[in-house]
Amino acid sequence: MQKTALYKALGVAFGAFLVTACANNGDLEEGAGSAMTATEQQATEATESATTAVESASLQGQSLASDATNAAQQALLDITTFYFDFDQSSIKSESRAALSAHGAYLAANAGAKVVLEGHADERGTPEYNIALGERRAIAVRDFLLLKGASASQIKVVSFGEEKPAAMGDSESAWSKNRRVEIKYQSR
Amino acid sequence: MVNRVVVMLLLWVSCVAQAELVIEVTQGRQSALPIAVVPFEWTGALALPEDISAIVNNDLGSSGYFRTLDPALMLDKPVYPAEVAYVDWQRLKQDYIVVGRISPAEQGYAVEFHVLDVHSQLELVHHRVKGNGNQLRDLAHYISDFIFKELTGIPGVFSTKMVYVTTNRERSRFNLNFADADGAREQLIFRSDEPILSPAWSPDGQKVAYVSFENGQSEIFFQELATGKREKVVAFDGSNSAPSFSPDGTRLAFVHSSSGNPDIYVMDLNTRQTQRLTKHYGIDTEPQWMADGRHILFTSSRAGGPQIYKLDSVDRSVSRVTFEGRYNARARMTADGRKMVFVHGNGDRFHIASQDMESGRVRILSRDTNLDESPSVAPNGSMVIYAATEKERSILAAVSVDGEVKFRLPSRYGDVREPAWSPILN
């Protein structure tokens with residue numbers, strides 16, 4: 001019993017020594033310390049990209065093409081406008097189900113063609129907003145490609161802030177204008 | 001009855017087609033010079049279609065450098081220097097007085113005018129200028145430029161032009177318009193059902209470049225102003241936008257993006273060879289040549305949000321120029337190269353700001369308008385014209401680079417956007 005307590009105390013002390021030694025190392029050799037940090041960052045990034053890959057693999061596993069004809073899928077296909085946050089081009093989680101349905105539809109219908117129209121709200125400069133609208137449309141395109149659509153089925157055009165869906169200078173109008181519209185050229 | 005309907009229809013059509021911009025000065029300079037432009041004498045038989053001295057009066061007043069005197073308050077209307085009773089003008093607290101006469105000349109008009117110093121009682125200017133029958137407004141702007149240069153030492157820009165885009169509420173019609181710098185004599189030079197943006201003048205003032213979506217994607221066109229001749233110049237697959245002529249007019253900087261990665265390119269306008277200048281995963285856009293013909297200012301999201309950077313077109317090195325605030329974009333330089341004017345965003349507020357290129361000091365110029373964009377600097381570096389949002393409509397407004405003078409150019413119809421001020425034209 002006493003022995004155990006002693007070992008424990010020793011263990012704690014040894015652990016503390018190790019921590020101190022490590023900290024000392026970092027203090028003494030700044031270069032080595034920051035190199036370690038960089039390695040840590042790389043490790044984190046690697047983990048992050050691995051996570052993304054796993055996610056995409058699991059998403060690919062849900063074979064939507066097979067039941068793309070049912071009513072629920074049809075309802076999803078009726079959703080053709082997808083919204084974005086200010087100065088952002090990442091696809092919102094609420095857009096994923098409908099976009100997956102469009103991707104599956106394109107994959108199942110090789111003759112179908114779409115134009116993805118990217119838009120931005122009126123804040124900021126017209127040219128930067130052209131770029132932002134294009135980024136949004138490209139994000140949608142990449143998502144559709146991931147779902148099995150082919151690049152030749154998709155054309156991207158950005159109108160920036162030139163064609164707002166709603167007029168007005170408040171967030172309620174702006175949130176409707178930061179969007180990508182899927183327009184079918186042929187079904 | 002039918003005639004009346006036709007006339008009303010014509011009036012309506014002209015209203016729809018024209019923005020009809022009229023300058024409203026909202027803030028003048030504290031140190032504005034008091035000047036009295038006495039109505040010029042006209043010795044011809046029929047009334048003149050334009051009131052030259054009233055246009056001169058309006059030009060000088062709207063510049064913010066002068067405080068003009070309402071002719072109704074004048075005690076006397078002299079037309080020759082010898083007729084000027086200086087004591088009266090001193091009592092009216094005037095520094096300068098302009099008198100003149102318009103006479104019929106061969107196929108047009110001749111204007112002779114004098115600028116007199118009320119205090120020293122000296123004649124500073126005695127000048128004569130002729131123009132043809134359609135040039136009354138040109139004659140007036142010439143006189144304004146002459147007086148402005150003489151009294152301020154700065155070249156006047158009253159004879160310059162601007163191009164801008166007007167649209168309807170539904171965004172189903174886009175007009176590229178050409179007008180005098182005071183908004184008068186607007187002409188529609190290109191019309192489309194699809195967006196038009198980013199008009200840019202060639203340095204010689206002979207043509208404008210702009211982005212048009214008429215073919216379903218953004219492409220860059222040139223249009224000769226004298227002939228209306230159009231040419232499609234940049235139409236690579238993807239997006240092509242933000243044209244900017246080099247100071248010598250031989251190269252065009254622009255933005256091209258094929259897969260969501262816009263970068264800055266330069267085209268040699270003689271050989272039509274294109275070079276890519278930036279290669280970054282961020283958004284690179286809005287290139288603007290600096291006066292040295294080597295450096296290009298541009299907007300990039302490479303640090304997260306949009307900031308302004310300077311690119312060396314020879315060695316391709318890039319350095320960051322703006323650091324204050326989260327949104328800085330669309331840089332334009334003043335003619336003397338001392339100040340950069342740009343869009344500065346903070347939360348939901350977007351204003352025109354200037355940055356001193358030496359000290360880096362930033363100053364917001366346009367606090368009383370919002371969602372400001374598309375600044376374009378007058379060729380003499382005095383004023384910046386820009387688009388702002390007012391009551392859910394887009395209007396043009398202007399502010400002096402020192403922030404002291406402000407005016408608006410509201411239109412009666414639709415939205416007015418994307419102004420581009422011409423170079424000084426000869």
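Two residues are in contact if their C-beta atoms, placed from the backbone, lie within 7 Å. This is a predicted model: local features need pLDDT of at least 70, side-chain atom pairs count only at pLDDT 80 or more, and totals for chains, interfaces and linings use all residues. Residues are numbered from 1 along each chain as its sequence is written, while chains are lettered from A and ligands numbered from 1 in the order in which they are written.

**The contact**

Chain B puts 35 residues into the contact, and chain A puts in 22. Strands (E, at least two residues) and helices (H or I, at least four) are DSSP runs, numbered from the N terminus.

**A sheet in chain B**

Strands of a sheet pair through backbone hydrogen bonds, either parallel or antiparallel. In chain B, four strands form an open, antiparallel sheet in the order E15-E16-E17-E18. Two strands pair if DSSP finds at least two bridges between them. The edges are E15 and E18 (274-276) of chain B, and each pairs on one side only. Five bridges join E15(B) to E16(B), residues 251-257. There, B:Phe245 stands opposite B:Leu252.

**Chain B as a whole**

Chain B has four helices and 31 strands. Its C-alpha trace spans about 70 × 65 × 45 Å along the principal axes.
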